[in-house]
Amino acid sequence: MSIYIGMMSGTSLDGVDAVAVRFESNTGLEVLGSKSMNLSEELRTLLLSLCFSGPDEINRSQIAGNQLAQIYAETCHALLKDLDLSASHITAIGAHGQTVRHNPQNGATTQLINGALLAELTQIDTIIDFRNRDIAAGGQGAPLVPAFHASVFASDEPRAIVNFGGIANVTFLRRRGEEEKTFGFDCGPANILLDAWVKENLGFTYDKDAKWARTGVLDEGWLSYLYSSEPYFSQSCPKSTGRELFNLKWLNKHLRAGMKPEDVQHTLTALSALAVAKDIEKYQPETKEVFTCGGGARNPLLMEYLQKYLPGKIVQPTDILGLSTQDVEGAAFAWLAKQFVERLPGNLPSVTGAKGPRILGALYPH
């Protein structure tokens, strides 16, 4: 029996999530608790600026990596306090860090986090840099969570697990015992555009419960145009994407004169659901059950559109399977840390396109 802490800050740049997971051999996992902390507006602005070319990037990246290590450590300490645990109870931390550049076509990806500082501040073995080993083996380095999904969510029938983070990605699970046939990829934008647009227009960091989006209406013509005009949606997998493609510049390029901002928000919500639904129908139409996780799983309008575009299928949150929508990705990085410690592969070549299974991560001992 061992306890790991998985930590991540997603593409949405909304905060840090930490999940403590107890793994027991052959009996699965138990989430002991979780903790989230918001990023300061200053750090969020710094990280967002580093997603694009700018002045003095090396120095600013170093500052951001150190600040991230600090808030990761604070989140970890708060979680340990809640659970009445000490650092000595934890086998390792799996820390994803903050993705600021993802260019697998160039053999490169960057997740900011000072792993050495995090290990120093927590006094816990810290594992970071989970993507680069897969990219070195010719893979996309993303998405990483399908291997975890296969280990915990497989059943006797095909399933789809959809994560609505900054980017929407899908994992296609075959029947139990066929985990090697698991595959998945990034479908397109989710919170990354919704958050950017509400910030641009209202100054909010996100559209809570889609309240602003609901004041608008769906623009069917514009939705069809967005989906058909963007080559990424029809690109074959394996594939992955991020803020490099889907950003305000992309959105402004596609806006039409006279559009109401709230209609844009409403239609972008539908776009995220449509991209996922079309991929499910294309790649695994026999799927009857679709389970959602990530921040977008709490967006009621997004869930309504996903159900609308997947008639006849059951759309439910992963809570039904015993793992909270907010804990899935954090638990995945706890699992990836466990895989590293046990020197077991953490990737699925069927997902990323890598040449074969690889042990993912880099260790900073405490």
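This is a predicted model: local features need pLDDT of at least 70, side-chain atom pairs count only at pLDDT 80 or more; totals for chains, interfaces and linings use all residues.
Let's start in a loop: Asp-209 is found between helix 6 (191-202) and helix 7 (220-229). The protein as a whole has 13 helices and 13 strands. Here is a short tour, from that loop to the overall fold.

**The loop between helix 6 and helix 7**

- Asp-209 is not a glycine, yet its phi is positive, at about 55°.
- Ala-210, placed in the loop between helix 6 and helix 7 as well, also has a positive phi although it is not a glycine, and its value is about 60°.
- These angles deserve a second look because most residues other than glycine have a negative phi.
- Is Ala-210 buried or exposed? Its relative accessibility is 1%, so Ala-210 counts as buried.
- Asp-209, with a relative accessible area of 36%, is partly exposed.

**Two cis peptide bonds**

- Most peptide bonds are trans, so look out for the following pair of exceptions.
- Ala-142 and Pro-143 are joined by a cis peptide bond with omega of about -15°.
- You can find Pro-143 in the loop that runs between helix 4 (132-136) and helix 5 (146-153).
- Another cis bond leads from Cys-237 to Pro-238, and here omega is near 10°.
- Pro-238 sits in the loop between helix 8 (231-234) and helix 9 (248-254).

**Helix 2 meets helix 3**

- The axes of helix 2 (residues 57-83) and helix 3 (residues 115-122) come within 9 Å, crossing at roughly 30°.
- How are the two helices oriented to each other? An angle under 35 degrees counts as roughly parallel, and helix 2 and helix 3 are therefore roughly parallel to each other.
- The crossing of helix 2 past helix 3 is right-handed.
- On the helix 2 side, the contact includes Asn-66, Tyr-72 and His-77, while Leu-117, Leu-118, Leu-121 and Thr-122 take part from helix 3.
- Sorted by type, the residues of this contact are seven nonpolar, four polar and no charged.

**The whole protein**

- Along the principal axes, the C-alpha atoms fill a box of roughly 60 × 50 × 40 Å.
- A compact globule of 366 residues would have a radius of gyration near 21 Å, and the protein's 19 Å agrees with that.
- Buried residues account for 55% of the 366 residues.
- Of the contacts between residues at least 6 apart in sequence, 69% join residues at least 24 apart.

Methods: Residues are numbered from 1 along each chain as its sequence is written. Side-chain values use heavy atoms; hydrogens and water are left out. Axes are lines fitted to C-alpha atoms, for helices over the stretch in contact, and angles run from 0 to 180 degrees between N-to-C directions. Helices (H or I, at least four residues) and strands (E, at least two) are DSSP runs, numbered from the N terminus. Angles under 35 degrees count as roughly parallel, over 145 as roughly antiparallel, 65 to 115 as roughly perpendicular and the rest as oblique. A crossing is left-handed if the near helix is turned anticlockwise from the far one by less than a right angle, and right-handed if clockwise. Contact means heavy atoms within 4.5 Å. Ala, Val, Leu, Ile, Met, Phe, Trp, Tyr, Cys and Pro count as nonpolar, Asp, Glu, Lys and Arg as charged, and the others, Gly among them, as polar. The radius of gyration is taken over C-alpha atoms; the globule rule is 2.2 Å times the number of residues to the power 0.38. Buried means under 20% relative accessible area, exposed over 50%, partly exposed in between (1.4 Å probe, protein chains only).
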